[in-house]
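Have the model open beside you and follow along as we go from one part to the next.

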Amino acid sequence: MAANKKTNASEYLTNVKGMRDITGETYYDMQGFFEKAQEIAEYYGFRPIKTPILEHTDLFLRGVGDGTDIVDKEIYAFQTKGKDRVALRPEGTAAVMRSYIQHGMQSLPQPIMLYYCEPMFRHDRPQKGRYRQHHQFGMEILGTPKPVADAIIIQTTVTILREVGAKNIFVSINSIGDKDSRNEYIKALKAYYRKHINDLPALDRERLNTNPLRILDSKEPKTIAINQDAPSSLDYLGNEAKKHFKQVLEYLEEADIPYELNKNLVRGLDYYSNTVFEIMETIIDEDGTERTLSITGGGRYDYLARTLGHKKDVPGVGVGIGIERVIESPWWNETRPRIVKKPKIFFIQLGFDARLRSLKVLEMLRKAKIPVQQSLSKDNLSGQLALAEKTEVPYTIIFGQKEAMDGTAIVRDMQSRSQKTVPLEELPAYIRSLK
RNA sequence: GUGGCUAUCGUAUAACGGUUAUUACUCCGGUUUGUGGUACCGGUUAUCUGGGUUCGAUUCCCAGUAGUCACCCCA
C-alpha cells in the first residue's frame with residue numbers, strides 16, 4: 001500500500017488513467033440525452049432504478065462469465081480494507097438482476113421494466129472516446145419470456161436513437177437459441193472449426209477452447225473466410241426458440257423497424273440466450289464506401305439468474321446504450337437539458353450597499369424564472385460592462401448605490417444603449433416584456 | 001492487456017547541448033473617482049515527476065505518470 005503511494009503533486013494532481021472530467025457542453029449533452037431517453041422510457045412503461053457502483057466481484061465473474069474479455073482483463077476490481085473483493089460495475093444487467101433477486105421482485109406484477117443511467121467501468125487501455133469510465137443508459141425487462149418484451153426493448157431503443165438524431169439505423173439480429181439448442185449448436189460449431197483448425201489464427205484457436213461463439217465475430221481475415229460456411233445457430237433452434245425468434249421478427253415488421261438477420265452476431269457477454277441484437281448505423285464515407293457501425297446492443301438472458309446462483313430462472317431481456325458514443329456521433333442533434341436557459345440579462349452592481357441588497361433582487365428574478373449572469377469579482381462599472389459585452393447578453397441591469405436607496409434599477413439595452421429606470425417591484429414584469 | 005508516438009505559462013506555440021526561456025490569445029490591474037465594445041500601459045503564470053550522461057540538459061538516455069494512435073475488445 002505505502003510502497004506505491006503517490007507523493008508527487010504532479011502525480012496525484014492529475015486524473016487517474018482513463019478517467020476524465022465532464023464539463024460544459026459535454027455535461028449538457030449527456031444530461032440532455034438522458035432526459036430525452038428517460039422521457040421515452042417512461043412513456044413505454046419503464047421505471048427508474050439506481051444500483052451501486054460497487055458490487056461483489058463474484059457477481060460479475062459468475063454473471064458476465066469467465067472467458068469473456070470483460071472479466072478476464074477489463075474488470076476493475078480491488079480489495080477493501082475489510083478484505084471484501086469488490087468491483088466497479090462493468091455493465092448494468094448483472095446488477096439489476098441482483099437487485100431483482102435480492103428484493104424479491106418476482107412477487108410484484110410481472111414483468112418488471114426498469115431503466116437506468118449509470119457510469120460503467122472497464123479497465124482497458126484508454127483511447128479517444130473510450131474511457132475506463134463511461135456512461136450507459138440501459139433498459140431491462142425482467143420476469144417474462146414473451147417475445148413482445150424483446151420487441152419493446154428494441155423499439156424503445158430505436159425510438160430513443162431516432163429522437164436524438166440517428167438517421168440510417170437498422171437492427172442486426174440473431175438468435176443463439178435456448179439451452180438445448182445452444183449446446184447443440186456449440187458442439188456443431190466446434191466440430192466445424194476443428195476441421196479448419198490449421199487455417200485458424202492462434203487467437204481464434206485459443207477461443208475454440210474458451211468461448212467458441214466469439215470466433216464468429218473475429219476480425220481475422222482468415223477466420224472471416226472460414227465463417228462464411230460456418231453452421232448457423234438458426235438451424236439448431238428447437239421448436240420453442242424458433243417460435244420465439246419468429247415472433248420477435250413479426251413484431252419488428254409490424255412496428256416498421258428495419259432489421260437484418262446476422263448469423264454471426266453473438267455479442268461479448270456470456271449470459272445471452274435466444275435473441276441478441278445490435279443497432280447498426282449505415283455510414284457513407286467521404287470516398288463513397290458504405291460501412292456499418294454498431295451503436296448499441298443487447299439481448300435476452302433467460303439463464304442469468306440461475307448462473308448467478310439463484311434457485312430458479314428469471315427470464316429477461318435488455319439493452320445498454322453507450323451515451324458517449326451517441327453524443328459523439330455525427331448525427332447527434334444537441335438536446336439541451338430543460339433547466340439550461342441562456343441568460344439574457346447581465347446583473348451589474350456597484351458598491352457594497354448595492355451588492356448587499358442585490359441578493360434579494362437576484363432571488364426575485366429567480367422566482368420569476370429569469371436567469372442572470374453576473375460578475376462577483378469585478379467592482380467597477382466599466383469592467384462589468386465590458387464583461388457583459390463579451391458574454392453577448394442583450395440587456396444589463398445596473399444596480400448601484402442610488403438605485404438601492406430608491407428601490408429601483410436601471411435596465412440597459414446593450415444594442416441601442418438606451419436605459420430606463422424601473423421600480424424593483426415592476427422589474428420582473430418589465431424584463432419579461434422585453435422579450 | 002500488447003506495440004508505436006507525444007508531453008514547455010490557463011490555451012496555442014518558439015528556442016543547435018550553453019545568457020534573464022519566445023510569441024499570440026486569455027486572465028488580472030490601470031488610463032482622475034457611476035456607462036462598455038477599439039486603443040494604450042502594466043502584471044502574474046511554464047520546461048510533467050524521478051534518476052542518468054555532461055563542465056553544462058527544455059534539448060540526449062532510462063523509468064514513472066498522463067495523453068494519443070493501432071491491435072485486442074467493446075459502449
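The C-alpha centres of domain 1 and domain 2 lie 49 Å apart. Domain 1 of chain A takes in 15-178 + 238-327, while domain 2 covers 345-430; these bounds come from an automatic or database domain assignment. Keep in mind that this is a predicted model, where local features need pLDDT of at least 70 and side-chain atom pairs count only at pLDDT 80 or more, though totals for chains, interfaces and linings use all residues. As for labels, residues are numbered from 1 along each chain as its sequence is written, and chains are lettered from A and ligands numbered from 1 in the order in which they are written.

Let's begin with the five-stranded sheet. Its order is E13-E12-E14-E15-E16, and it is an open sheet with mixed pairing. Strands here are DSSP runs of E with at least two residues, helices are runs of H or I with at least four, and both are numbered from the N terminus. Two strands count as paired if DSSP finds at least two bridges between them. In general, strands of a sheet pair through backbone hydrogen bonds, either parallel or antiparallel. At the edges sit strand E13 (372-374) and strand E16 (419-423), each pairing on one side only. On average, neighbouring strands of this sheet are turned by 30° against each other, direction ignored. For angles like this, axes are lines fitted to C-alpha atoms (for helices, over the stretch in contact), and angles run from 0 to 180 degrees between N-to-C directions.

Now zoom in on E14. Strand E14 (residues 395-399) is largely enclosed by the rest of the structure, because four of its five residues are buried. Buried means that 20 or more other C-beta atoms lie within 10 Å of a residue's own; 12 or fewer makes it exposed, anything in between is partly exposed, and the C-beta atoms are placed from the backbone. E12 and E14 run parallel, joined by five bridges. Along that pairing, Ile 345 has Tyr 395 as its bridge partner in E14, and Phe 347 stands opposite Ile 397. With strand E15 (residues 408-413), E14 pairs in the antiparallel sense over four bridges. Tyr 395 turns up here too, standing opposite Asp 413 in E15.

Two helices go with this sheet. Helix H16 (residues 427-434) lies across E12, E14, E15 and E16, running at about 10° to E15. Lys 344 counts as partly exposed because it has 18 C-beta neighbours inside 10 Å. If you set aside neighbours within four places in sequence, Lys 344 is in contact with Val 393, Pro 394 and Tyr 395; contact means that the C-beta atoms, placed from the backbone, lie within 7 Å. Lys 344 and Ile 370 are 26 residues apart in sequence, yet 8.4 Å apart in space, C-alpha to C-alpha.

Over to another sheet. Three strands in the order E2-E4-E3 make an open, antiparallel one. Its edge strands are strand E2 (54-56) and strand E3 (76-79), each pairing on one side only. From one strand to the next, the twist averages 35°. Helix H3 (residues 57-64) packs on this sheet and touches E2, E3 and E4, with its direction at about 70° to that of E2. E2 is joined to strand E4 (residues 85-88) by three bridges in the antiparallel sense, and Glu 55 has Ala 87 as its bridge partner in E4.

Next comes E5. Strand E5 (residues 112-121) has eight of its 10 residues buried, so it is largely enclosed by the rest of the structure. Strand E1 (residues 47-48) runs parallel to E5, with two bridges joining them, and Pro 48 partners Tyr 115. E5 also pairs with strand E6 (residues 133-142), in the antiparallel sense over 10 bridges. In that pairing, the partner of Tyr 115 is Met 139.

Finally, the helix pair. Helix H2 (residues 24-43) and helix H6 (residues 147-163) pack at about 145°, their axes 10 Å apart. On the H2 side, Lys 36, Ala 37, Ile 40 and Ala 41 meet Thr 156, Thr 159, Ile 160 and Glu 163 of H6.
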